[in-house]
Amino acid sequence: MFAAYVNSFSSESPVDGLVLGERPDPVAPDGWTIVTVKAAALNHHDLWSLRGVGLREESLPMILGCDAAGHDEDGNEVIVHAVISDPAWTGDETMDPKRSLLSEVYDGTLADKIAIPARNVVPKPRGLSFEEAACLPTAWLTAYRMLFTQADLNPGDTVLIQGAGGGVATAAISLAREAGMRVYATSRDESKRAKALEIGAHDVFEPGARLPRRVDAVMETVGAATWSHSIKSLRPGGTVVMCGATSGFTPERGELNRIFALQLRVHGSTMGTKGELAALADFMDVSGLRPLIDRVLPMEQADQGLRAMDEGRVFGKIVVTR
Ligand SMILES: NC(=O)c1ccc[n+]([C@@H]2O[C@H](COP(=O)([O-])OP(=O)(O)OC[C@H]3O[C@@H](n4cnc5c(N)ncnc54)[C@H](OP(=O)(O)O)[C@@H]3O)[C@@H](O)[C@H]2O)c1
């Protein structure tokens, strides 16, 4: 079958280690099933994998990709849940110490077919296209859990979303607006700030700018470059939820004094549960909200999409199709 896979690592030029070619068809062990992929979405996670972050040399070649929508073995339209927990694990699978994401231990979704545990599918709402549904399992699910589970935000609350152009950030802007929050967003890029307004931000700012009011919560994906601003933007008792650190893990100022003096909460977040993915799919179906898709490419051009993401030339999700 056709697949996009990592064959070698490079931190400087990650896409050089990508191969677009043939891999053996997957075999489903007991309790697993095969999904035929119609659409898959790219994530920053794929670039980390190409850099060798979270993947070991001995796991290569590894098919990339966390997100997919397609058909199960009975022809049902399904969305793939990317968090693979231990078969014995019950409860919130993101808390399983043995969990992995597709493409970390088991081959990922950038392929004609994928083997996954039978419990790792949710029904795709008919109203969502395969391309739209493929955007949900990583970036959109992560944003959903950050806003509604971890920050516990309510209609009328104010939220700041840093780095407006990313997949998680665009999802968070759209979801927060649809849920009735006041939405502030930052971006380094003027055109991305304009687009953030179009998808639901009430107001946009350059990174580090003083906001009109302090916020109830901040959604952090940028890391070192925006950390200090995130902490300074919170009201007393506010929450910063962090799921990634694209610009690095070591902020110049940790703002530790503010964290205790203002009784702030710092909350890590990773992906979401299958229940949250199903709830997100329902939310999209009922609200009519749709993921912002930057571009759709044939899977044979996944390298172009990954390069665009590596160079920050993206606003929303890049989807690849079969
Ligand atoms: N824990 C999880 O479950 C999980 C799930 C999904 C993603 N993640 C992580 O979350 C992060 C975001 O991923 P993503 O795929 O949504 O998007 P991404 O492509 O990594 O983009 C994030 C945004 O960061 C901003 N940014 C990057 N470098 C910056 C810098 N030096 N200064 C200021 N802003 C900078 C950019 O915003 P502007 O260009 O608009 O300024 C960019 O749009 C990644 O690190 C990813 O690995 C984690």
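This is a predicted model: local features need pLDDT of at least 70, side-chain atom pairs count only at pLDDT 80 or more; totals for chains, interfaces and linings use all residues.

Guide: As for where that is, the ligand sits in the largest pocket. There are 24 residues around the ligand, and those that come nearest are His 44, Trp 48, Val 168, Ser 187 and Met 271.

Now for the polar side of things. Start with His 44: an N or O atom in its side chain is 2.7 Å from an oxygen atom of the ligand. Gly 166 uses its backbone instead, with an N or O atom there lying 2.9 Å from a ligand oxygen. Over at Ser 269, a polar backbone atom is 3.4 Å from a nitrogen atom of the ligand. As for how well wrapped the ligand is, on its own it has 900 Å² of accessible area, and the protein covers 84% of that.

The structure has zero disulfides. Cys 66 isn't in one, and the nearest cysteine sulfur, on Cys 243, is 12 Å away, whereas a disulfide needs the two sulfurs within 2.5 Å. Cys 66 is also buried, at 0% relative accessible area. Cys 135 is in no disulfide either: its nearest cysteine sulfur belongs to Cys 66, 13 Å away. Cys 135 is buried as well, again with a relative accessible area of 0%.

How values were computed: Residues are numbered from 1 along each chain as its sequence is written. Side-chain values use heavy atoms; hydrogens and water are left out. Buried means under 20% relative accessible area, exposed over 50%, partly exposed in between (1.4 Å probe, protein chains only). A residue is near a molecule or strand if one of its heavy atoms lies within 4 Å of it. A polar contact is a pair of N or O atoms within 3.5 Å; within protein, one must be able to donate a hydrogen and the other to accept it, and residues adjacent in sequence count only if both atoms are side-chain atoms. Accessible areas come from the Shrake-Rupley method with a 1.4 Å probe; for residues, only the protein chains shown count as cover. On a 1 Å grid over the protein atoms alone, a cavity is a set of points where a 1.4 Å probe fits but cannot get out, and a pocket is an open set with protein on both sides within 12 Å along at least five of seven lines; lining residues have an atom within 4 Å of a point. A molecule sits in a cavity or pocket if more than half of its atoms lie within 2 Å of its grid points.
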